[in-house]
Amino acid sequence: MSAEELPSAYDPAAAAEKWSVAWAKAGVFVADPNAEGEPYSIVIPPPNVTGSLHMGHALNNTLQDVLIRYKRMDGYNTLWVPGVDHAGIATQWVVRRQIEAEGLDFLENGRDDFLERAWAWKGQSQANITNQLKRLGVSCDWTRERFTLDAGLADAVAEHFCKLYEDGLIYRGERLINWDPKDETALSDLEVEHEEGVAGELWSFAYPLADGSGEVVVATTRPETMLGDTAVAVHPDDERYKHLVGQSVKHPFVDRLIPIVADSILVDPEFGTGCVKITPAHDFNDFEVGKRHNLPMINILNRDGSINEEGGRFEGLDRVDARKAVKEAIEELGLFRGTKEHQMNIGRSQRSKAIVEPMLSTQWFVKMNPLATPALAAVEHGATKFVPKQWENTYYAWLRDIRDWCISRQLWWGHRIPAYYCDDCKHTMVLRTAPEACDACGSANWHQDEDVLDTWFSSALWPFSTMGWPEKTEDLAKYYPTSVLVTGFDIIFFWVARMMFAGIHFTGQVPFDDVYIHALVRDEHGKKMSKTTGNVVDPLVVIDEWGADAFRFTLIAFAAQGRDVLWNPKRVEGYHRFTTKIWQALRYCFLDAEAYDPTAPMEFGPYEHWIRARSGAATERVRKAIDGYKFNEVATEIYQFVWGEYCDWYLELSKTTRYSKELSEARKNGTRHVLFETMGTIMRLIHPIMPFLSEDIWSRLPGTEGFVATAAYPTVDEFPQDQAVLDEVALLQETITEIRRIRGEMELSPRVGLRFLVADDALLATLQAHASALDDLAGIQIEALTDRPTGVATAVVHGIECLIPLEGVVDFAEEVKRLDKVLAKVDKDVQQLDRRLSNPKFAERAPAEVIAEVRTKLEAAKSRQATLRASRERLAQALA
């Protein structure tokens, strides 16, 4: 191939399509548990089947892909399991809206029709998500794609439930739970979002004493719950009420006497009136009081949040309307005792956003303490490590203060609870498969529990259920425990902790060695992306505009440990230019490719030895960064090596060899070889981040075989180190940089030839050995310094003063005049910018990004001001 045959520009869309097909056809990403190599495995955090690829997914999956591609190239036997989660409540809500949009009643339409629609919708949505991930370039083993409602995973969930039940860790009981009246389902504590500081009122009313001797005053933020009150609590040491303990008050609306009880745990005699109404069926604190005092627990709510028959005359009212009606009725009875403003914390359903009601309900629960203890110990003893380490504290905090987990949900979409009830003897059976008859009385009349399991109950098994558990499969034996979990901090409670205790309980091993916690992707102003705000960035739109390679590189460059990603579209545009730079470097390599002969003699000069040594140094730094999950450093090291050393230095230095008339053909052939060799090294280095670009270039390089996806990742020992050459080229670079600095300060064109006078013999000899490169890259002629001329610029190289005669190059007097004019303008700019930043009103009112922009401009202006003053002083000295 010649430079003429090579496309003038890289086509990211065409490359992505070509290589995605080629990799799939060749089975590059298909795992083989019987193949050689140390296992390295990842299970994808399954995106909800309701969703589409967002920026968080893009970051998460790019990080995983970097790790799995790196390890695959490094000789590991890799497996990356993809899949999606059935997302119980979210999916039910989506499909329900579709049904209701047709004018149909969701409940009347029935469970069977709903499930048929849900499975059809799931097929479309999962295919869309899979396609989006493939466009991102992820290298999952798509032959092992899983879904949390697959038949195999359903078997695993049944085993999970039944084994915990048999171990005494699952029970069914009546307890206070979080109830979503909109979706009409129970919620776990983690599915409730707490809104703090909501303006409300503390509403006071009186309960008359049953004997008519007086009253006690209580206060509440939810007056309608008084319909379920079964006690009034006072502190046992409160002198105001000690004599009332054991007496009763009369409920004004229902035929019920309410006892006055003494409770030192709940009641603070200094707060309010010192009397607390107790509603055990609708308040978590009151529920505990109810258990301590053996109080009746009266549920006043229907599933939809309306008042049930226990509410007497208020039956049928919605909870909001009931609140108003109860308040009005109390006022009519003359029992209202005042109100005051009160800041409240309100719990809302994470999915429906409805205000959650604490409600007494019969549900299935998991006993968490016995499971949490070994999960805590695993992290405390280092069996699983969090990166960054501080996230261990979040993990510990939840597990050390854990409550039993409500796992039943009143939904249709999900794993149905494997509990069966005999219709005749009321016996409960928990079985892995449906029974033929009741195992207590033999009756064939039974029905299965209508509820499904919490989505996270099946997701907790993901690392091993996807590999075939509870069967003893080859995948499970080879790839479990997995090597790393890459996930966001927001699901440490929901998912990470639950996978830990499930993995340890069922397999005796932790599910992953490392947990890498990445940050959120926010907009460039640090705001969370949301449809409401209108700042959502669609990853596919970015990929369409700039290509997956530039997009992925941008995400990795942003991914610093412990710091949120602030998305900036200008950065992805900049990394698109990086792909262009690499492609143009490739075109340069092919300029005289027809003259390259890999079988002919080769000689290598100092620049070839230097770039090989620098390749080794870059490889060492990149490997260290990947191994330490310092992804942004991976991108930085690659960028600096490719652009800063290969393109800016080696390509330029190679021209002095390629176009030389004095050097041998073997030397030129050696340079051509190292140009291609280093390009191949770069493709291997960048492949985990830029898979399509690297594969496309790899396929065009002479001498390469197979896919870069399966080529060996560079190792340090591939590249011999030569410190003498490194020192020599570093001195050359220092000289060229110093010359360029002086040209910039004095605004001298690169075309203006300069003399470079050196007094030190050793330095002179070294630089003269590179005279051609210094002429090409700096425009200087090296000479020995004999007599010190006047009118010179001074350069310092390796601590040695060198001189550049300026007489005849610069008209000193005219240049001073020109610099004075430029300085006057720059001085004015500095003053204006400084005044603006010093203005208190500007500091108070201007957006942070505008202030930062002005500050950056001021710093740049001051830097230019200092440079110009130094140049003027140098010229003034020459005139003197």
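A charge sits over a ring if NZ of Lys or CZ of Arg is within 6 Å of the ring centre and within 35 degrees of the ring normal. With that in hand, welcome to these close-up views. This is a predicted model, in which local features need pLDDT of at least 70, side-chain atom pairs count only at pLDDT 80 or more, and totals for chains, interfaces and linings use all residues. Residues are numbered from 1 along each chain as its sequence is written, and side-chain values use heavy atoms, with hydrogens and water left out.

**View 1. Two arginines sit over tryptophan rings.** The charged end of Arg740 is placed over the ring of Trp649, 5.6 Å from its centre. Over the face of Trp405 you will find Arg498, at 3.9 Å from the ring centre.

**View 2. Trp405 belongs to an aromatic cluster.** Rings of Phe, Tyr and Trp (its six-membered ring) pair if their centres lie within 6.5 Å; planes under 30 degrees apart count as stacked, over 60 as edge-to-face and the rest as tilted. By this rule the model holds 45 aromatic pairs.

**View 3. Phe253 and Phe314 form an edge-to-face pair.** Phe253 is in the loop between strand S10 (248–250) and strand S11 (257–262), and Phe314 is in the loop between helix H7 (284–293) and helix H8 (319–332), so the pair ties together parts that are 61 residues apart in sequence. Helices (H or I, at least four residues) and strands (E, at least two) are DSSP runs, numbered from the N terminus. Both Phe253 and Phe314 are buried; buried means under 20% relative accessible area, exposed over 50%, and partly exposed in between (1.4 Å probe, protein chains only).

**View 4. Strand S9 (residues 231–234) pairs with S12 and S11.** Two strands pair if DSSP finds at least two bridges between them. S9 and strand S12 (residues 275–278) are antiparallel, with four bridges, and Val232 has Lys277 as its bridge partner in S12. S9 and S11 run parallel and are joined by three bridges; here Ala233 is partnered by Val261. In a regular strand the side chains alternate between the two faces of the sheet. In S9, Ala231 and Ala233 point one way and Val232 and Val234 the other, and all are buried.

**View 5. Helix H23 (residues 761–768) has a buried side.** Leu763, Leu764 and Leu767 are its buried residues. They share one side of H23 because they cover an arc of only 100° around the axis, where the arc is that of the directions from the helix axis to the C-beta atoms. Turned away from that side are the exposed residues Asp761 and Ala762. At the start of H23, a side-chain oxygen of Asp760 comes to within 3.2 Å of the backbone nitrogen of Ala762.

**View 6. Gln350 lies in the loop between strand S13 (336–349) and strand S14 (357–366).** With 33% relative accessibility, Gln350 counts as partly exposed. Leaving aside its neighbours within four places in sequence, Gln350 is in contact (heavy atoms within 4.5 Å) with Leu190, Glu191, Glu193 and Phe494. Gln350 and Glu193 are 157 residues apart in sequence, and 5.6 Å apart in space, C-alpha to C-alpha.

Note on methods. A polar contact is a pair of N or O atoms within 3.5 Å; within protein, one must be able to donate a hydrogen and the other to accept it, and residues adjacent in sequence count only if both atoms are side-chain atoms.
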